[in-house]
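I wanted to get to know this structure by looking up a few things one at a time. Here are my notes, in the order I made them.

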Amino acid sequence: GALYHHIDCTLGPDPQGDKALIAQEELDDPATWRWTAADKLALKLIQDVHARGMRIIFDGVFNHVSSASPFFQDVVKHQQQSRYKDWFAITAWDDPDQGTKFSYSGWWGVPELPEWRQDAQGPVHGPREYIFACTQRWLAPHGDPREGIDGWRLDVAFEIAHPFWQEWRAYVKQINAEAYLTAEVIDTIDVLKPYLQGDEFDAVMNYNMAFACADYFINQQQRISTTAFDGLLRDLRAAFAPCVAYVQQNLLDSHDSNRVTSHIVNPDGAPYRAWNAYHSASKPAHNPAYDARKPAPAEYAIQKLMALFQMTYVGAPMIYYGDEVGMWGANDPCCRKPMVWDDLVYAPETYLPDGSRRAVPDPVAVNTDLLATYKQLIHLRHRFPALSLGDFQTLLTDDARQIYVYRRHYAGETVIVALNNTRQAQTATIAVNAATSLRDVLHDNRVYAVQDGRVAVDLLPLWGVVLVA
C-alpha cells in the first residue's frame with residue numbers, strides 16, 4: 001500500500017535499516033531504488049517457490065495507495081508545491097484565502113486509500129511510469145525474469161481504463177511472455193468481454209463460475225436445474241476465445257465473500273451473483289439471520305462435491321487458503337481469519353461476530369478428512385492431462401435426479417465425470433462410445449463393464465465417479 005517497489009519493512013529482518021535505505025531514494029527515480037532486507041527476503045521466497053516447481057504471482061493494486069504512502073504524504077505536506085501534486089485525484093487544496101480545505105478522492109470514499117489521478121487513458125503521467133517501473137522490478141529483478149514473479153492478479157481492474165491495461169499487458173509480456181495476468185472484474189459476460197480479447201488479461205477471477213456453482217450445489221429452495229447449470233457453464237465457455245476458458249481463475253469463494261462452507265450453511269437468500277446485495281447479506285452485522293457456526297459433516301460433504309467439480313472442470317482451480325482444511329467464516333472480516341495449521345493448537349471459537357458468547361464453543365483444528373479429499377482430487381487433476389487440457393462435452397443432464405455427467409478428452413485420453421447432487425445414492429446409466437470397460441479412479445479402480453455402448457455406475461450421495469478407459 002505505501003510503496004509498490006518495496007516489501008513492507010516490518011515483514012523483513014531489519015525494519016530500521018530498510019527505512020534508512022528507502023530514505024536515501026528519489027522515490028520517482030528507479031535508478032536510485034535499493035533492494036532492502038525485506039525485498040531480498042521476497043526474492044528468496046520467489047527462488048524457493050521456483051525450486052519446488054511452483055509459480056508465484058503478486059497482487060497489483062494500481063488504482064489507489066495507502067494514505068501512508070510517501071508520495072501522498074509529500075502532497076499533504078507541500079500541497080501545490082509538491083512534485084507529486086498531479087499524481088492524485090485532489091479535489092481541493094488548503095487555502096485560507098479561498099476558505100478551502102485539502103480534500104481528495106479516496107477509493108469508495110475511504111480516506112485511507114487515496115486514488116491515483118486518471119484520465120481517459122488510465123493513471124496519468126507520474127503514477128503510470130511508477131507502476132510500469134515497479135512491474136519491471138518484480139518481473140525481472142536485476143534484469144532477470146527467472147528471478148522474478150510469474151504474473152499478477154490485478155485488484156479492482158474495472159476501475160482503471162482499458163488503454164492502460166492494453167499498454168501494460170504488452171509491457172509485461174515483453175518482459176516475460178509466460179506471465180499470467182488475472183483480473184478482479186466481478187460482472188456479466190458483456191462487461192468482461194473487452195478484458196479478455198487477448199490484448200489485456202489472460203483471465204479473470206471467474207466469479208461467474210462460482211455463482212453458477214452456488215445456484216446448483218449450495219441453494220436448496222432456489223436451486224437451478226442440472227440443465228440450467230450446464231447452460232450457464234456453456235455460456236461462459238462460449239463467451240470468449242476457446243483458449244480463455246482453460247486459464248480462467250475458477251474460484252468458489254475469496255477474501256471478498258463468505259467462505260464456501262459457511263455459504264453452504266446459509267443457502268438461498270440473496271443470490272451470490274447479486275454481488276452488492278449478497279455482500280451485505282453474508283455479513284452477520286447486516287444480516288442477523290446469518291449463521292456463523294462451524295459447519296457440520298453434511299455441509300462439508302457439499303463442499304467436497306463442489307471441489308470434485310472444480311478439479312475436473314475446464315479452467316485453473318483456485319482454492320482460497322484454508323478452505324481445504326475446513327476453515328469457515330462469514331464475509332469480510334470473518335473470511336480472513338489466520339490460517340489453521342496442523343502443528344498448532346487453537347483455542348475453540350468462543351465468540352460470535354457480534355462479540356456475544358457462543359452457547360457451545362466451536363473447536364478449531366485441521367479437518368483431516370476434507371484435506372485428504374482435496375489432495376486426492378488435486379492428484380487426479382495432475383495425473384490425467386485431459387482434466388487440465390481436454391475438451392468438454394456434456395453427456396447427461398438429468399434434472400429429475402440432479403445427475404450431471406461430462407467428458408474431458410485430450411490426446412487419446414478420455415475421462416468421464418458423473419456427479420450426484422442429491423443426498424440419495426443413485427445409479428446413472430451413461431451412453432459412452434468407449435472400451436469394453438471403464439474404471440473409477442476415484443474409488444480404488446472399481447471396474448464397470450460397458451454393454452451396448454452404455455455403462456451403469458453407482459453414485460454415492462453428494463459425490464461422483466471419475467471414469468477412465
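What follows are my entries on sheets, a helix, aromatic pairs, cavities and a pocket.

**Ground rules**

I am working with a predicted model, where local features need pLDDT of at least 70, side-chain atom pairs count only at pLDDT 80 or more, and totals for chains, interfaces and linings use all residues. Residues are numbered from 1 along each chain as its sequence is written, and side-chain values use heavy atoms, with hydrogens and water left out.

**Entry 1**

I started with an open sheet of four strands, which has the order 1-6-7-8 and parallel pairing. Its edge strands are strand 1 (58-60) and strand 8 (203-204), each pairing on one side only. My strands and helices are DSSP runs numbered from the N terminus (helices H or I, at least four residues; strands E, at least two). Two strands pair if DSSP finds at least two bridges between them. Strand 7 (residues 180-183) and strand 8 have two bridges, in the parallel sense. I looked up one partner here: Thr182 is bridged to Ala203 in strand 8.

Is strand 20 (residues 463-468) mostly covered or mostly open? It is mostly covered, with six of its six residues buried. Buried means under 20% relative accessible area, exposed over 50% and partly exposed in between, with a 1.4 Å probe and protein chains only. Trp463, Val465 and Leu467 point one way from strand 20, Gly464, Val466 and Val468 point the other way, and all are buried.

I then checked what strand 20 pairs with. Strand 15 (residues 413-420) runs antiparallel to strand 20 over six bridges, and Val417 has Val466 as its bridge partner there. Strand 17 (residues 437-440) is joined to strand 20 by two bridges, also antiparallel. From that strand, Asp440 is bridged to Leu467.

**Entry 1: strand 16, two faces**

Strand 16 (residues 426-431) has alternating side chains. Strand 16 pairs with strand 19 (residues 454-459) in the antiparallel sense, over six bridges. Ala431 stands opposite Arg454 in strand 19.

**Entry 2: checking a helix length**

**Entry 3: aromatic pairs**

How many aromatic pairs are there? I get 50. Rings of Phe, Tyr and Trp (its six-membered ring) pair if their centres lie within 6.5 Å; planes under 30 degrees apart count as stacked, over 60 as edge-to-face and the rest as tilted. The ring centres of Tyr4 and Tyr130 are 5.6 Å apart with planes at 20 degrees, so this pair is stacked. It links distant parts of the chain: Tyr4 is in the segment before helix 1 (15-23), and Tyr130 is in helix 4 (residues 127-139), 126 residues apart. Tyr4 counts as buried at 14% relative accessibility, and Tyr130 is buried at 3%.

Trp152 and Trp168 pair edge-to-face, 6.2 Å centre to centre with 70 degrees between the planes. Trp152 sits in strand 6 (residues 151-154) and Trp168 in helix 5 (residues 162-175), 16 residues apart. Both are buried.

Entry 4: Points are joined across faces, edges and corners, and a volume is the space filled by probe spheres set on them.

I count four cavities of 30 Å³ or more. The largest cavity has a volume of about 70 Å³, and its lining includes Asn206, Arg237 and Tyr313. The second largest cavity is about 40 Å³, and helix 7 (residues 207-218) gives the most to its lining, with three residues.

The largest pocket has a volume of about 1100 Å³. Of its 20 lining residues, Arg55, Ile57, Tyr180, Gln249 and Met318 lie nearest the centre. That lining has 12 nonpolar, three polar and five charged residues (Ala, Val, Leu, Ile, Met, Phe, Trp, Tyr, Cys and Pro count as nonpolar, Asp, Glu, Lys and Arg as charged, and the others, Gly among them, as polar).

Key
On a 1 Å grid over the protein atoms alone, a cavity is a set of points where a 1.4 Å probe fits but cannot get out, and a pocket is an open set with protein on both sides within 12 Å along at least five of seven lines; lining residues have an atom within 4 Å of a point.
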